[in-house]
Amino acid sequence: CPGTYPEQVTITKSLILKGISSGNAGAAIIVPPSGGLLQNATRLSGAGVEAQIYVQGPSVTVNISDLTLDAAGNNLDSLGCNGDPVGIFYKFASGTITRNAVLNDILSPNFNGCGGGLGIYAASNASSDTLKITYNHVETYSKNGITVNGPGGAPGPNATITNNTVIGQGPTTGAAENSIQVGFGATGTISTNTVGSDVWAPDTISDPGDAAAGILVYASSGVFISSNNVNNTQYGIVAVTDTSSGTADNTTVTKNTVSAT
């Protein structure tokens, strides 16, 4: 129901989680508890995650819609690079994530190169796990807005990522941001999204390379990228092979608009 919920939610069974409207009120907002976010999950690598909503599989299908997740006040700066605020995290799970607002998954900009701070994050080592991520608004994150990763060197989940708006912090000295990342063996389609404002401020023309991207395919093959609008990034759309994690071969990039890169 409409209201503000200071909590972290862990889901271990198949269900629908949906914000509803009541009269003139329509926002169900999940915020950190009074003491901040606590670790309640781990990445595939074993690194800790502080997720506002954590969907834990296997054999779980969860549909999440019409919620606002605001991680402001996460109180994780004391952890440095060990902090990893995440709005919605699916691990070994399938489902649909649609019409949500996911905001402020950020660490201090002084933590250069940290990999934490993801808006929507899905990770699995099974290609049978499928995600539909549609019509969400993701804004202000330290690392990535929407991330779908496999284990590296093996198949990962399959995702359809469409009609989302993903907006980074603009120039920042923290991590090199990416609006959307599909990587490490994950597969899928990235289409009709509006993304940008990803700029890693320490990067310079004289020493280029470690920079931010609107859409990043990293060590994942066969990803289809079409009809996206990418604006105000250092790299627009990038496909990168990593010899230790896999290739980015057979990426299709068509009908996109890329500007101000």
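Strand β10 (residues 94-98) pairs with strand β13 (residues 130-134) in the parallel sense through four bridges, where strands are DSSP runs of E of at least two residues, numbered from the N terminus, and two strands pair if DSSP finds at least two bridges between them. Ile97 has Ile133 in β13 as its bridge partner. The model is predicted, with local features requiring pLDDT of at least 70 and side-chain atom pairs counted only at pLDDT 80 or more, while totals for chains, interfaces and linings use all residues. Residues are numbered from 1 along each chain as its sequence is written, and side-chain values use heavy atoms, with hydrogens and water left out.

Both strands belong to an open sheet of eight strands with parallel pairing, in the order β3-β7-β10-β13-β16-β19-β22-β25. Each of the edge strands β3 (15-18) and β25 (252-254) has a single partner strand, so one side of each lacks a neighbour in the sheet. Direction ignored, neighbouring strands of this sheet are turned by 5 degrees against each other on average (axes are lines fitted to C-alpha atoms, and angles run from 0 to 180 degrees between N-to-C directions).
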